[in-house]
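Thanks for having me this morning.

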Amino acid sequence: LAYCLAAVRNYAVSTMEWPSNSQGVVLTAYHPSSKDTAPGSGSRSKEGEGTRSGQCTMKPKSSPQTLKKPPYDRSSSQDSLDELSLDDYWTELKNIESSTDRSHEEQEQVVKEPDEGELEEEWLKEAGLSNLFAECSGDSQESIVFLSTLTRTQSAAVQKRIETMRRKSKHHHVPDVRDVFKQQTDETTEKVSDSNGLLTPEMSEINVKQKGQDVSFGDLETSSPTGDVSSSETDINLEISFAEQAAILRDTTKGKMLKSREDDSLLPNYRVPKDKTGTTKIGDLAPQDMKKVTYLALIELTALYDVLGAELKHQKALKTKGKESGLFGVSLQILLEQDQKKVPGTRVPLIFQNLISHMEGKGLETEGLLRIPGAATRIKRLCQELETKFYEGLFNWDSVNQHDAASLLKLAIRELSQPLLTVEYLKAFQSVRNLPTKKHQLQALNLLVLLLPDSNRDLLKALLEFLQRVIDCREKNKMTRKNVAMVMAPNLFTFHGFRSKSVDQNEAAMAAGTANVMLLMIKYQKILWTIPKFIIDQVRKQNLESQKKLLKDRAMKKLLKKMAYDRERHDKQDKTLNEVDIPQGVIRVQAPHLSKISMVIQLTEELKAGDVLARFLSQESGTAHNLKKEEVCLYEVGGNIGERCLDDDTYMKDLSQLNPNAEWVIKPKPC
């Protein structure tokens, strides 16, 4: 067999024409003995050091095209991944398999492949539209209001699911899709869509012309208002629906799905553009508004995949009995419940906090951190000690070296009873690799992060921030972003509950794809935790429409009138500045939890939320005077939003014009 492989290699090298962008051909053979080594592989690596048994790489001869443009030196790039540079991935996978408890294979499956009708039913429930078909749906006006704020592509995604469920479902009466949308007149739909991230044909034509004739799929970006974006930085467009951006380019290119021509060896330097009404991060919104964000994110993600012609994979979690206590092999929810008994308000499990802080305490300069595993027997012993001594405070952290701690961290992630990226969306995270451009992949990841439960999202955020700190020490620990992505991808994207039924046939493509997704999550993590402006705008419109529905109710009108009368009578009893009518161009800022005095502030073109906070802290005494600026936040409350914590760069005049009925409240940030 070795002789045959050598002959094939010699023939291929002498006769094949190599494309300029080719990196080589991998021939894989399987030998009866693991001691055998494929010809040509010995110079690449030793047995067991990152190369699978029987793998050899054939390098192409230099073609004239290759000589004109030397290949990119992938070893020096943090952002370069391909199927031929995944040694660390395979090594990590091998370490995981050798240390995996085989009892997992005998456990009951925690996922179910839903039927088509069942899949659509679950989707409509998660999109907040279950009252369109549920037997006890009650008033469906809330869903009608919700649907009226959708963009063209979002509406198409909903219609497609309703129609599919109507054909397939045998358990529910599902109305005709035309009946669901009949209350939206053409005029209303056009008005809402134009202001919810849907560009008119004229606007889309102008955008495309500005880009020139060389249009690639996914080129719609915003330009900086100040024009100070360098050629290496691009503002990612968060004001226009992602699916609408994709649809515009699809329509303007006459349906041709143009392939991305981006250089895969270097990721674009995307950044969140400055928005005068403020950038909204996860955690800035009140729970009722965040719930609406989640519904919209699912519909937008589905619409994006529909436009791109990609399959959005979805799993259904099954309830199974597992460990009800401990550190390893329990659910994330159980970990947090245990921890909150010890430390109330804990949002990231203490075991993860301790492992990360232990590694940072000893320094992140250790060479091969996260890549070099700890000894298997020692890791097993440490796990047992942690299980019995961690909550008692008796565990000896001095006995844990850096590689041990890194191995324990990865083990804790893998051993969660359900994956960190959730059973429902793990496949969706994996499928991001199939989208045509890096920008589409980033947009999909942004929406997927919004769909995660709070506990999963908090842990993922803590993990990604730690990984970036490891990468920041790459000069000493030799762990570039590429290395870290390859090592961590198997720990986040493989799950024992999927192994027996869901095996990707193209293992190499799966490895490269998930490592690339991991790389995107690390590099663009600040963008991932940003809620797109077009979704915030849709939430505002939903709130306004809901308020209009309520005001039509006579009982509600009567109640509001009584409340206004009581408020007026109460105000007259307290002759303070609060009873003075606030003139136009002025806002009143209150801090009921910190001060009895409110401030009246004149709006100017340059006044920002950070300026308001600084003025308040400089004038206050007592408890408020001792507060630091980063400990408090100016909130936008009421009007067309429930509650929103403002970033310091929010221009107050622009925001007050967007939400003229809002109140402005200073209070401590949530822990």
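Predicted model: local features only at pLDDT ≥ 70, side-chain atom pairs only at ≥ 80, totals over all residues.

As a reminder, two packed helices are described by the angle between their axes and the distance between the axes.

Let me begin with helix α10, residues 242-252, and helix α11, residues 287-308, whose axes come within 8 Å and cross at roughly 15 degrees. Because angles under 35 degrees count as roughly parallel, α10 is roughly parallel to α11, and the crossing of these two helices is left-handed. If you look at the contact itself, α10 contributes Phe242, Ala243, Ala246, Ala247 and Arg250, which meet Glu300, Ala303, Leu304, Val307 and Leu308 of α11. Sorted by class, the contact of α10 with α11 holds eight nonpolar residues and two charged ones, with no polar residue.

Now to the second pair, helix α14, residues 376-389, and helix α15, residues 402-414. How far apart are the axes of α14 and α15, and at what angle do the helices pack? Their axes are 10 Å apart, and the packing angle is about 65 degrees, so α14 and α15 are roughly perpendicular to each other. The crossing of α14 and α15 is right-handed. On the α14 side we find Arg378, Ile379, Leu382, Cys383 and Leu386, and these meet Asp404, Ser407, Leu408 and Leu411 on the α15 side. The contact of α14 with α15 divides into six nonpolar residues, one polar residue and two charged residues.

Conventions:
Residues numbered from 1 in each chain as written. Heavy atoms only, no water. Axes fitted to C-alpha atoms, helices over the stretch in contact; angles between N-to-C directions. Helix = DSSP H or I, 4+ residues; strand = E, 2+ residues; numbered from the N terminus. Parallel < 35°, antiparallel > 145°, perpendicular 65-115°, else oblique. Left-handed = near helix turned anticlockwise from the far one by under 90°. Contact = heavy atoms within 4.5 Å. Nonpolar A, V, L, I, M, F, W, Y, C, P; charged D, E, K, R; others polar.
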